[in-house]
Amino acid sequence: MENDLGPKPALVLLCKRPALGHSKQRLAGQIGLEPTLHIAEKLLQCALEDLLQWPYQQVMAPDSQEHLAWAQTCVPNAITIAQAPGNLGQRIQAVDRQLRELGHSRLLFIGSDCPALGQDHYYKANQLLNVHDTVLIAARDGGVVLMASNYPWPELSELPWSTEALGEALKELCLNAGHSVIVADMLGDIDHEEDLAILYRHLAQDRRPARQALLASLDSLGLNNHARR
């Protein structure tokens with residue numbers, strides 16, 4: 001992958017260490033705690049698969065200080081930064097600030113809930129950052145699955161996180177802060193049981209090993225039923 005003469009971009013994975021009852025609460029309410037933990041573990045492996053393949057700076061930002069050692073074992077060459085307390089906007093902003101203080105000027109943020117993402121999306125976002133200040137990839141539910149910028153984020157704490165209004169609100173916030181913004185794509189993320197049907201159909205065409213392991217998990221847990229109707 002070439003960098004197209006821009007700054008070397010850092011790919012930042014914001015994540016939780018999977019544990020029973022610790023992540024994907026909306027999904028857990030629909031399919032149960034143990035199946036949700038299994039899916040969360042496999043979703044994280046998909047994101048790690050991408051991060052480990054990223055040829056520039058890798059960053060892993062677990063949700064608490066106590067998980068820093070775990071994060072380092074997941075991605076040995078990564079910078080590891082614990083997320084600060086607060087809502088998602090505050091946590092993103094704190095990680096962003098620390099990385100920019102370390103000299104990283106081009107940051108791409110992802111989570112672990114969109115296995116449809118891949119190197120092509122990160123490469124495209126990086127290319128677009130050569131001509132735009134900020135690049136977003138929207139989620140079909142109105143959120144975002146990737147947010148990348150050459151500049152520090154404007155104040156994110158008051159955005160409507162975890163709602164269908166987030167994506168548009170984030171775009172408007174960045175525009176009002178003087179950023180040039182482009183929404184590069186729209187993909188599905190995993191929050192509800194119905195999202196698994198779309199995921200299952202997508203994974204059937206995705207040959208990446210972690211994605212195939214996630215597909216096998218959906219089969220083994222019987223969570224492929226909606227997709228086959």
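**Sheet, cores and ring cluster of a predicted model**

Ser112 is found in the loop that runs between S4 and H5, where helices (H or I, at least four residues) and strands (E, at least two) are DSSP runs numbered from the N terminus. The structure is a predicted model, in which local features need pLDDT of at least 70 and side-chain atom pairs count only at pLDDT 80 or more, while totals for chains, interfaces and linings use all residues. Residues are numbered from 1 along each chain as its sequence is written, and side-chain values use heavy atoms, with hydrogens and water left out.

Residues up to four places away in sequence aside, Ser112 touches Leu13, Leu14, Leu43, Leu44 and Ala47, contact being heavy atoms within 4.5 Å. Between Ser112 and Asp191 there are 79 residues in sequence, but the C-alpha to C-alpha distance is 11 Å.

S4 runs parallel to S1, joined to it by 4 bridges, and Ala10 stands opposite Leu107 of S4. Towards S6, S4 is antiparallel, again with 4 bridges, and Ile110 has Leu146 in S6 as its bridge partner. S5 and S6 are likewise paired in the antiparallel sense, over 5 bridges, and Val135 is placed opposite Ala148 in S6.

What do the side chains of a strand do? In a regular strand they alternate between the two faces of the sheet. In S4, Leu107 and Phe109 point one way, Leu108 and Ile110 point the other way, and all are buried. Here buried means under 20% relative accessible area, exposed over 50%, and partly exposed in between (1.4 Å probe, protein chains only).

Nonpolar side chains tend to be buried together in soluble globular proteins. A nonpolar core is a set of buried Ala, Val, Leu, Ile, Met, Phe, Trp, Tyr and Cys residues joined through side-chain atoms within 4.5 Å. The largest such core has 32 residues, and Leu13, Met60, Leu117 and Tyr122 touch the most other members. Among the elements that give two or more residues to this core are strand S1 (10-15), helix H2 (33-53), helix H5 (119-128) and strand S7 (181-187). The most is given by H2, with 4 residues. Beyond its neighbours within four places in sequence, Met60 has contacts that include Leu13, Leu48, Trp70 and Ile81. A second, separate core holds 23 residues, including Ile81, Val95, Phe109 and Leu170.

Which residues do ring pairs link into a cluster? They are Trp54, Tyr56 and Tyr122. Rings of Phe, Tyr and Trp (its six-membered ring) pair if their centres lie within 6.5 Å; planes under 30 degrees apart count as stacked, over 60 as edge-to-face and the rest as tilted. The count by this rule is 2 aromatic pairs. Trp54 and Tyr56 have ring centres 5.5 Å apart and planes at 80°, so this pair is edge-to-face. Trp54 and Tyr122 are also edge-to-face, because their centres are 6.1 Å apart and their planes are at 90°. Trp54 sits in the loop between H2 and S2 and Tyr122 in helix H5, so their pair ties together parts 68 residues apart in sequence. Trp54 and Tyr56 are both buried, and Tyr122 is buried too.

How many disulfides does a search of the whole structure find? The search finds 0, a disulfide being a pair of cysteine sulfur atoms within 2.5 Å. Cys114 is too far for a bond, because its closest cysteine sulfur, in Cys46, is 10 Å away. Cys174 is in no disulfide either, and the nearest cysteine sulfur, that of Cys114, is 19 Å away. Cys114 counts as buried at 7% relative accessibility, and Cys174 is buried with a relative accessible area of 0%.

Ser162 brings the tour to its last stop. Ser162 lies in the loop between S6 and helix H6 (166-176). Although Ser162 is not a glycine, its phi is positive, at about 65°. With a relative accessible area of 61%, Ser162 is exposed.

Conventions: Two strands pair if DSSP finds at least two bridges between them.
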